[in-house]
Amino acid sequence: MQLSALVDWVHRYKDAVVARKDELTDLDRQIGDADHGFNMARGMQAASDKLDAAVPGTVGELGKSVGMTLVSTVGGASGPLYGTFFLRFGTAAGAATELDAAGLAAAFRAGVEGIVGRGKAEPGDKTMLDALIPATEALEAAAAAGEPAELALDAAAEAAENGSQATFDLVARKGRASYLGERSAGHLDPGSVSSAILVRTLADAAKG
């Protein structure tokens, strides 16, 4: 996957989050602070604009640009968590200008481990990790099997979407939603939905 396609990913993710900001905010209104969609739309718009103004020369530069922008512009927990993902993704890729399936899997794993370290959540807590960890595992398995990046990312996107849907029945154990206790069941976790969009737009960008 060329650097240009990864830049396209960021733009695609921005477009998708902006288009679905009301949906994401409504999901967050049910179990959170009612700001996830608007915060993510604002942050991704800023990140997308920054890439237009200064095109990165490496995947590392891309990750740093997007990550730092999200940390500085997105309120709540989303900014630090998504910002950490992109920063770690970029750091893992370093000076690369192209990533194959194995390289994408390694960078994605680094990004998700950054979220784990910052958020201290685990699978089943009804968070973004319920989408991102299955996606990472599916991406790694496909890469290990020798699948090309496009097919590996399709598998990751499907795993993320399935993981997000599975948060509907979970009781939240982390974040604002955890204050609701059992009443948090019966709602999708908004962070898992925006995370599934993240993986799907990456898969779409890989296809061009």
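Is Tyr82 buried or exposed? Tyr82 counts as buried, at 1% relative accessibility; buried means under 20% relative accessible area, exposed over 50%, and partly exposed in between, with a 1.4 Å probe and protein chains only. Keep in mind that this is a predicted model, where local features need pLDDT of at least 70, side-chain atom pairs count only at pLDDT 80 or more, and totals for chains, interfaces and linings use all residues. Residues are numbered from 1 along each chain as its sequence is written, and side-chain values use heavy atoms, leaving out hydrogens and water.

Now let us look at the rings. A pair of aromatic rings is described by the distance of the centres and the angle of the planes. Rings of Phe, Tyr and Trp (its six-membered ring) pair if their centres lie within 6.5 Å; planes under 30 degrees apart count as stacked, over 60 as edge-to-face and the rest as tilted. Searching the whole structure gives six aromatic pairs. One of them joins Tyr13 and Tyr82, a tilted pair with 6.2 Å centre to centre and 40 degrees between the planes. Tyr13 lies in helix H1 (residues 3-19) and Tyr82 in helix H5 (residues 78-93), so this pair ties together parts 69 residues apart in sequence. Those helices are DSSP runs (H or I, at least four residues), numbered from the N terminus. Tyr13 is also buried, with a relative accessible area of 1%.

Next, find Phe85 and Phe86: their ring centres are 5.3 Å apart and their planes at 85 degrees, so the pair is edge-to-face. Phe85 is buried at 0%, and Phe86 is buried at 2%.

Definitions and conventions. Helices (H or I, at least four residues) and strands (E, at least two) are DSSP runs, numbered from the N terminus.
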